[in-house]
Amino acid sequence: MLRRALRLGLGPGLLGRGLGTHRESSTLGKAEGSGGYRGSGVFPISSHVTFSTRGPGPRWEDSGSLGAGDWHGKVSEIKKKIQSVLPGGAWSPLCDTSHLPPEHSDVVIVGGGVLGLSVAYWLKRLEKRQGAIRVLVVERDHTYSQASTVLSVGGIRQQFSLPENIQLSLFSVEFLRNINEYLAVVDDPPLDLQFNPSGYLFLASEEGATIMENNVKVQRQEGAKVCLMSPEQLQKKFPWINTEGVALASYGLENEGWFDPWCLLQGLRRKVQSMGVLFCHGEVTRFVSSSNHMETAIGEKVTLKRIHEVHVKVDHSQEYQPVECAIVVNAAGAWSGRIAELAGIGKGPSGTLQGTKLPVEPRKRYVYLWHCPQGPGLEAPLVADPSGAYFRREGLGNNYLGGCSPAEEEEPDPGNLEVDHDFFQEKVWPHLAQRVPAFETLKVRRAWAGYYDYNTFDQNGVVGPHPLVINMYFATGFSGHGLQQAPAVGRAVAEVMLEGHFQTINLSPFLFSRFYLGEKAQEHCII
Ligand SMILES: Cc1cc2nc3c(=O)[nH]c(=O)nc-3n(C[C@H](O)[C@H](O)[C@H](O)COP(=O)(O)OP(=O)(O)OC[C@H]3O[C@@H](n4cnc5c(N)ncnc54)[C@H](O)[C@@H]3O)c2cc1C
C-alpha cells in the first residue's frame, strides 16, 4: 500500500501540503486555523489527518527545552528584574536583536548557495500576490569559502543520458543567456556571466560508443543540438587531439560551455534581496517538529512529521534564534544529508521509509589550473576523456583547468579541502598528455578542491518534498551538475510548493521516495 501510494508520486494528495495559492496572509499566526498549511501527505491514510504549525502531537527532540512562548516570558521577566535594579530604567540590554533572524517566516531555506537562492527567486517570482510569501535564507558562511557553487568549474551542457537532466539544462541555458531579463535590478549594472559557448566534447572508447549513440538520440529528441563524430572527423576538427582509443565523439553545437558561477550567485542574491527575501547569517542546528503516528489499511506503521520551528545558531554566539515556519527547504548542498538527519530523516528501522536516509554526502574533487602555450588554444571545448579526465580553456592566456573524479575505492577524505598534488601527477596528467600531446609540457599554476553534493544512490538531484517529514523540500544531490541546473530546479521546487505538482518539467523521477522504492534515476554522463 505504502509503496503503491509513493509510486503515484505527486498526485492530488499533495495539494495543500505546500503554501497553496489561496493564502490571504503572509504571517503564520493568521495562517493558523485557516487551513492554509494543512498537510494531506501522499498517503490515502493521511487524508483525514491534519496538522497545524502548533499541532497537539508530541514534539520531536525538544523535551525539556523551553517553548518559544515560555522563552519570551522568561526574557521579559529577566528584563523587568534588570530594569528594577539598574539605574536608568529605560536601558534595555537585551533589546538589540538586529543581528538575529526574524521570529517567523513562511519558508526557511537552509543554504544560500545557487540552489537555495534559485528556490527563493522562483518562490517570489511565482507568488500570486506580491509580498505574499515571507522567505528567509539561512547561510552559515557568507564568504562561501567551502560552498560548491563558487568552487565549481562553471560548466553547462545538454549531453546527459536522462531526458529530465537535458530539459533542466535546456531551460537553464535559456535563463543564463537572458540573465538580465530574469535578474535585472533597477539602478544596478547588468550582469556579465562571461558565458563561453565553446561546447562540450565527449570521447567514447569502443566499449562506450553504443551508449554514446543512444544518449545522443535522447539528447536530440529533447531538442539539444549535438553531433556525432568519427575519429577522422574529430582529427580534422581538433587536430591537437590524439584519437588513439577513441571510437566515437559527441560534440555540443550550441548552448554548451562555461560561465562565471560567482556572478550567477551574486546576481541571484542581489535580485532576491530586491524582491524582499530576508537573509540571515547563521547555522541551522535543530528542527522542532510535531508527529502523528498512523497505520495504513494493511497495518504498516508510519509517523508523519511537520517541522514548525527551525533553530538558527547565530554567528560568534552560543545563542540560537527559533524561527517558526511553514516550510523548510533543504538546499544545504554537500551538507544536506546532515540537515535531513537533523529532521529525523533516516532514523527508523532499515528497509522502511522511516529508515531511508537522504544519500547525499560531501565528496572531494580537485581542480588543477595549468599553463601551456603550445596547448589547443581558443577553439578548445570542454573535453571529457573516456578515462574520466576532463579539461577546458580558462581565459585567454594559454591557461587550462581540469581534473578527474577518483575511483570509488580511492575517494579522498572529505574532512578538509586540502589538494593532493600527487593525484594530478599520477591520475590526471598521464591521461591529459596521452589525449593532447602538447600537454606533456604543461606547468601547473594552482589548484583547489571543492565538494560535490554527491548522491551515492544514482548521482542525480533530489527534488520536491519528503514523504514523511511533510514540510521539508529538497533541492540537492546534483553530484557535479547542480550549478547549471539551479535555475530550472528552483522553478520546479517553487512549483511543487505553490501548486502541489511539477508544472513545466516533470521531475517525479527525482523525488525522495525513489530511495525507498529502489528506483534509480541513473545518470550515465557524470564527469
Ligand atoms: C570541483 C567542482 C566542479 C563542479 N563543476 C560543475 C560544473 O561544471 N557544472 C555544474 O553544473 N556543477 C558543477 N559542480 C557542482 C555544483 O557546484 C553543485 O552541484 C552546486 O553548486 C550545488 O549548489 P548548492 O547551492 O546546493 O550548494 P552550495 O553552493 O555548497 O551551497 C550550500 C550552502 O549551504 C550552506 N549550509 C550548509 N549547512 C548549513 C547549515 N546547517 N546552516 C546554514 N547554512 C548551511 C553552506 O555554507 C553552503 O554555502 C561542481 C562542483 C565541484 C566541487
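The model is predicted, so local features require pLDDT of at least 70 and side-chain atom pairs count only at pLDDT 80 or more, whereas totals for chains, interfaces and linings use all residues. Residues are numbered from 1 along each chain as its sequence is written, and side-chain values use heavy atoms, with hydrogens and water left out.

**Overall make-up**

The protein has 14 helices and 18 strands; helices (H or I, at least four residues) and strands (E, at least two) are DSSP runs numbered from the N terminus. Of its 527 residues, 56% are buried, meaning under 20% relative accessible area with a 1.4 Å probe and protein chains only. Contacts (heavy atoms within 4.5 Å) between residues at least 6 apart in sequence join residues at least 24 apart in 75% of cases. The protein exposes about 22,400 Å², of which carbon and sulfur atoms supply 51%; accessible areas come from the Shrake-Rupley method with a 1.4 Å probe.

**Ligand site**

Around the ligand stand 35 residues, of which E139, S148, T149, G155 and Q484 come nearest; a residue is near the ligand if one of its heavy atoms lies within 4 Å of it. The table lists polar contacts, pairs of N or O atoms within 3.5 Å.

| Residue | Protein atom | Ligand atom | Distance |
|---|---|---|---|
| E139 | polar side-chain atom | oxygen | 2.6 Å |
| V153 | backbone N or O | nitrogen | 3.3 Å |
| Q484 | backbone N or O | oxygen | 2.7 Å |

Taken alone, the ligand exposes 1,000 Å², and the protein buries 97% of that. At least two shell residues come from each of α4 (114–126), β3 (135–139), α5 (148–151), β9 (278–295), β16 (443–455) and α13 (482–499). With four residues, β16 gives the most to the shell. By class, the shell comprises 17 nonpolar, 14 polar and four charged residues; Asp, Glu, Lys and Arg count as charged, Ala, Val, Leu, Ile, Met, Phe, Trp, Tyr, Cys and Pro as nonpolar, and the others, Gly among them, as polar.

**Nonpolar cores**

A nonpolar core is a set of buried Ala, Val, Leu, Ile, Met, Phe, Trp, Tyr and Cys residues joined through side-chain atoms within 4.5 Å. In the largest, of 60 residues, F175 and L264 touch the most other members. Helix α13 gives the most to this core, with ten residues. Leaving aside neighbours within four places in sequence, L264 is in contact with V114, F175, L176, I179, L183, L193, F259 and L483. Another core, of 36 residues, lies apart from it and includes V138, V310, V328 and F512.

Definitions and conventions
Polar contact = N/O pair within 3.5 Å; in protein donor to acceptor, adjacent residues only side chain to side chain. Buried < 20%, exposed > 50% of the residue type's maximum accessible area, 1.4 Å probe, protein only.
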